[in-house]
Amino acid sequence: MLYYLSELSSHWGPLRIFEYVTFRAMGGALTAFLVSLWLGPLAIRVLTRLKLGQPIRGKEEVRQLADLHGSKKGTPTMGGLIVLMTLTGSCLLWARLDNIYVWVVLVPTIMLGALGFLDDYQKVTKKKSDGIRSWQKLLGQILIATAVGIFLISNPATQESATSLQIPFIKYTVVDDLGWFAVLFFILVISGSSNAVNLTDGLDGLAAGCTISVAVVFGLFAYLTDNKDFSAYLLLNRVHGVSELSVFCASLTGSVLGFLWFNCHPAKVFMGDTGSLAIGGALALVAICVNQELLLVIVGGVFVMEAMSVILQVTSFKLTGKRIFAMSPIHHHFELKGWSETTVVVRFWILSVVFALIGLASLKLR
């Protein structure tokens with residue numbers, strides 16, 4: 001919205017600054033962060049008053065872990081609403097509202113947040129750790145991803161970039177035209193990322209902290225991909241207009257930083273599925289729009305580790321009756337091995353930064 005002040009620069013020159021995406025990205029990040037700090041205490045009081053506390057699994061389900069996490073019982077959940085509200089407000093304020101990519105990412109993110117909210121609501125009303133059925137959650141993610149895929153492929157302005165595939169560290173586009181197979185690919189990327197972040201959200205500040213490094217990297221890629229000179233020099237498929245997603249990523253970073261203020265150990269609020277499903281989907285949607293879907297596997301390496309640990313654990317137990325890890329997702333494995341919660345979280349944050357740096361290295365190592 002503020003972008004349109006630049007059209008008045010002929011009357012007052014300094015308003016031209018609102019034309020620059022870098023300035024608006026910084027404005028979006030700062031706005032989202034400060035509003036999150038203001039909104040956080042209010043949201044926590046409301047969630048507490050409504051008794052929307054996170055159900056904690058008992059010893060019959062998680063054994064020793066119940067002793068480690070018993071003190072978390074009753075901590076308000078659905079804190080992802082803080083992230084969604086500040087992210088949405090900041091984007092509407094600082095991003096160009098005539099940009100198609102802003103809406104392609106923002107609307108499905110809100111929809112995934114609504115799906116997560118339904119899951120959280122079921123949990124707190126039933127006072128159980130099980131919300132909506134897994135197949136219902138997956139079906140919702142598939143429907144949202146399918147709608148996104150069909151729109152991107154059907155729209156002439158986005159079709160070319162949506163149906164091409166780049167691989168990190170490879171110079172040239174590997175596949176020029178995925179055709180309608182791209183829809184299936186988008187379903188895998190969006191549902192996979194959404195669920196991976198959801199699985200990571202098991203310790204205070206873990207998912208939020210790891211999100212920041214991923215959002216920063218993809219915000220940079222969005223800016224470079226839309227720049228004619230940079231994209232040509234770095235051998236990126238140029239996607240016109242996608243630089244506005246730098247504002248989205250910066251706003252997401254600010255929102256999550258503000259949320260982390262209250263979510264760090266000991267957490268005063270949990271993001272719940274309301275936040276984790278939305279954040280995971282948002283990162284996937286940005287990756288799709290900047291034509292760097294496979295880069296998400298590298299930059300979001302911590303999320304991949306968490307998801308793979310669950311897949312390996314379940315597969316091993318069903319095939320052999322034996323567990324690979326003390327418990328999955330893998331952050332619980334390290335807890336049960338004697339690491340404190342803070343140690344696990346900080347070390348996973350460090351890994352997230354390392355994965356982000358590897359992803360950035362792909363810009364030149366081709």
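Select Thr-163, which counts as buried at 5% relative accessibility; buried means under 20% relative accessible area, exposed over 50%, and partly exposed in between, with a 1.4 Å probe and protein chains only. The model on the screen is predicted, so local features need pLDDT of at least 70 and side-chain atom pairs count only at pLDDT 80 or more, while totals for chains, interfaces and linings use all residues. Residues are numbered from 1 along each chain as its sequence is written, and side-chain values use heavy atoms, with hydrogens and water left out.

Thr-163 lies in the loop between helix 7 and helix 8. Helices (H or I, at least four residues) and strands (E, at least two) are DSSP runs, numbered from the N terminus. Display the side chain of Thr-163 together with the backbone of Gln-159: the side chain reaches the backbone oxygen of Gln-159 at 2.9 Å. This is a polar contact, defined as a pair of N or O atoms within 3.5 Å; within protein, one must be able to donate a hydrogen and the other to accept it, and residues adjacent in sequence count only if both atoms are side-chain atoms. Then show the contacts of Thr-163, where contact means heavy atoms within 4.5 Å. Neighbours within four places in sequence aside, these are Ile-153, Val-175, Asp-176, Asp-177, Leu-178 and Gly-179.

Next, select Phe-169, which is placed in the loop between helix 7 (156-162) and helix 8 (181-200). Phe-169 is a residue other than glycine with a positive phi, near 75°. Is Phe-169 buried or partly exposed? At 30% relative accessibility, Phe-169 counts as partly exposed.

Move to Met-78, in the loop between helix 3 (64-69) and helix 4 (80-94). Met-78 is not a glycine, yet its phi is positive, at about 65°. With a relative accessible area of 1%, Met-78 is buried.

Select helix 9 (residues 206-226) and find Thr-225 within it. The relative accessible area of Thr-225 is 0%, so Thr-225 is buried. A polar atom of the Thr-225 side chain lies 2.6 Å from the backbone oxygen of Phe-221. Not counting residues up to four places away in sequence, Thr-225 touches Ser-231, Leu-236, Asn-237, Arg-238, Val-239, Val-242 and Val-290.

Asn-263 is the next selection, and it is found in helix 11. Its relative accessibility of 2% places Asn-263 among the buried residues. Which backbone oxygen does the side chain of Asn-263 reach? The side chain of Asn-263 reaches that of Val-269, at 2.8 Å.

**Two cis peptide bonds**

Proceed to Pro-266, in the loop between helix 11 (245-263) and helix 12 (272-289). The peptide bond from His-265 to Pro-266 is cis, with omega near -5°.

Pro-329 is located in the loop between helix 14 (301-320) and helix 15 (330-336). The peptide bond that leads from Ser-328 to Pro-329 is cis, with omega near 0°.

Ile-324 is also placed in the loop between helix 14 and helix 15. At 46% relative accessibility, Ile-324 counts as partly exposed. Apart from residues up to four places away in sequence, Ile-324 touches Leu-312, Gln-313 and Ser-316. Select Arg-96 as well: the C-alpha atoms of Ile-324 and Arg-96 are separated by 48 Å, and the two residues are 228 residues apart along the chain.

**The whole chain**

Finally, display the entire protein chain, which has 16 helices and zero strands. Its radius of gyration is 20 Å, close to the 21 Å that the globule rule gives for 366 residues, so the protein chain is as compact as a globular protein of that length. The radius of gyration is taken over C-alpha atoms, and the globule rule is 2.2 Å times the number of residues to the power 0.38. Along its principal axes, the C-alpha trace spans about 65 × 45 × 35 Å. Of the 366 residues, 54% count as buried. Among the contacts in the protein chain with a separation of 6 or more, 74% are accounted for by residues 24 or more positions apart.
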